[in-house]
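Let's take a walk through a protein model together, one step at a time. Keep the picture beside you as you read.

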Amino acid sequence: MMLSFKNIFSGKDEENNFPLANAILLFFTIITVFIVPLFHPKYQNLLYSLSLSFVFIFAVMAIKNNRKSILRMFIFIIVTIWVSFFSELEFLKQVFKAFNFLFFIFLVYSLIKQVSSTKTVNAKVLVDAITGYLLLGFAYSLIVAIVAATVPEAYNANFYGTDPINALNPMYNNLYYTFMTFTSTGYGDITPTNPIAKSLAILISVSGQLYIAVIISMLVGKYASTVKPK
């Protein structure tokens with residue numbers, strides 16, 4: 001049966017309906033993290049602004065807890081995204097990235113809380129867990145971007161032969177470095193050279209591992225509690 005438009009965007013927990021708002025939130029999160037970096041750098045700021053706007057819109061619809069608080073912050077964050085896009089003031093851009101980071105952290109917290117509050121492992125729980133992981137990684141990429149833009153020679157990147165690049169620019173380089181650190185992969189083509197950048201790298205790496213450990217333990221515990229003994 002085809003879902004109605006009202007069911008897609010309602011906050012009701014209907015067991016027979018696939019959590020489409022949550023799935024669309026995951027879809028735009030994947031677009032933001034994996035697809036937008038494939039485009040030419042001159043289009044990326046616009047595409048990031050669009051994709052993040054959709055992420056925040058569907059976050060309001062997908063997260064049932066703290067919906068009023070999220071809605072208030074959503075309006076402010078949407079304004080900061082587009083003011084940052086049209087503004088030529090670099091300081092203002094960095095300030096708005098910090099606000100976006102805080103909102104992302106709040107979204108991740110809300111998703112984890114939503115996952116922990118469910119009694120069983122279902123599609124909605126799995127979708128929220130994956131979305132939270134990707135959003136946390138993207139949130140850290142904003143902090144990496146701020147550090148790279150404000151701290152001289154915070155990072156050393158060597159993409160093109162022997163010529164080092166001391167600033168992670170454009171945005172997809174920040175995203176690439178952050179997720180390589182977040183997943184503890186670390187190819188070594190980008191390295192932190194400043195104490196601030198090194199401490200941030202430790203925080204990102206530890207957070208990535210803790211998230212996986214906590215979420216997996218939650219999912220295993222929920223699944224085990226629903227298995228009936230023979």
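We start with a definition: a residue counts as buried when its relative accessible area is under 20%, as exposed when that area is over 50%, and as partly exposed in between. Keep in mind, too, that what you see is a predicted model.

Try the definition on Ile 105, which belongs to helix 5. Its relative accessible area is 30%, so Ile 105 is partly exposed. Now look for its partners. Setting aside residues up to four places away in sequence, Ile 105 touches Leu 136 and Ala 139. Leu 136 is 31 residues away along the chain, yet the C-alpha atoms of Ile 105 and Leu 136 are separated by 6.7 Å.

Phe 96 is also found in helix 5. With a relative accessibility of 12%, Phe 96 counts as buried. Apart from neighbours within four places in sequence, Phe 96 is in contact with Thr 80, Val 83 and Ser 84. From Phe 96 to Val 79 the distance is 9.6 Å, C-alpha to C-alpha, and the two are 17 residues apart in sequence.

Let's step back to the whole chain. The protein chain has eight helices and three strands. Reading from the N terminus, the order of its elements is α-α-α-α-α-α-β-β-α-β-α. The chain has 230 residues, and 43% of them count as buried. Among contacts with a separation of 6 or more, 70% are between residues 24 or more positions apart. The chain exposes about 12700 Å², and carbon and sulfur atoms supply 68% of this area.

Next, turn to helix 4, which covers residues 67-86. How far apart should its ends be? At 1.5 Å a residue, its 20 residues should span 28 Å, and the end C-alpha atoms are 29 Å apart, which agrees. The buried residues of helix 4 are Ile 70, Phe 74, Ile 77, Ile 78, Thr 80, Ile 81 and Ser 84. An α-helix has 3.6 residues a turn, so residues three or four places apart point the same way. What covers the buried residues of helix 4? The cover includes helix 3 (41-62) and helix 5 (90-117).

Helix 3 and helix 4 pack at an angle of about 175°, and their axes are 10 Å apart. Angles over 145 degrees count as roughly antiparallel, and helix 3 and helix 4 are therefore roughly antiparallel to each other. Residues making this contact include Leu 46, Leu 50, Phe 56 and Ile 57 of helix 3, and Ile 70, Phe 74, Ile 77 and Trp 82 of helix 4. By class, the contact has 15 nonpolar, three polar and one charged residues.

Finally, visit two loops. Most residues other than glycine have a negative phi. Glu 153, however, has a positive phi near 55°. Glu 153 sits in the loop between helix 6 (123-150) and strand 1 (155-160), and it is exposed, with a relative accessible area of 53%. Ser 184 also has a positive phi, of about 60°, although it is not a glycine. Look for Ser 184 in the loop between helix 7 (171-182) and strand 3 (190-192). Ser 184 has a relative accessible area of 41%, so it counts as partly exposed.

How values were computed:
Residues are numbered from 1 along each chain as its sequence is written. This is a predicted model: local features need pLDDT of at least 70, side-chain atom pairs count only at pLDDT 80 or more; totals for chains, interfaces and linings use all residues. Side-chain values use heavy atoms; hydrogens and water are left out. Helices (H or I, at least four residues) and strands (E, at least two) are DSSP runs, numbered from the N terminus. The expected span of a helix is 1.5 Å times one less than its number of residues. Buried means under 20% relative accessible area, exposed over 50%, partly exposed in between (1.4 Å probe, protein chains only). Contact means heavy atoms within 4.5 Å. Accessible areas come from the Shrake-Rupley method with a 1.4 Å probe; for residues, only the protein chains shown count as cover. Axes are lines fitted to C-alpha atoms, for helices over the stretch in contact, and angles run from 0 to 180 degrees between N-to-C directions. Angles under 35 degrees count as roughly parallel, over 145 as roughly antiparallel, 65 to 115 as roughly perpendicular and the rest as oblique. Ala, Val, Leu, Ile, Met, Phe, Trp, Tyr, Cys and Pro count as nonpolar, Asp, Glu, Lys and Arg as charged, and the others, Gly among them, as polar.
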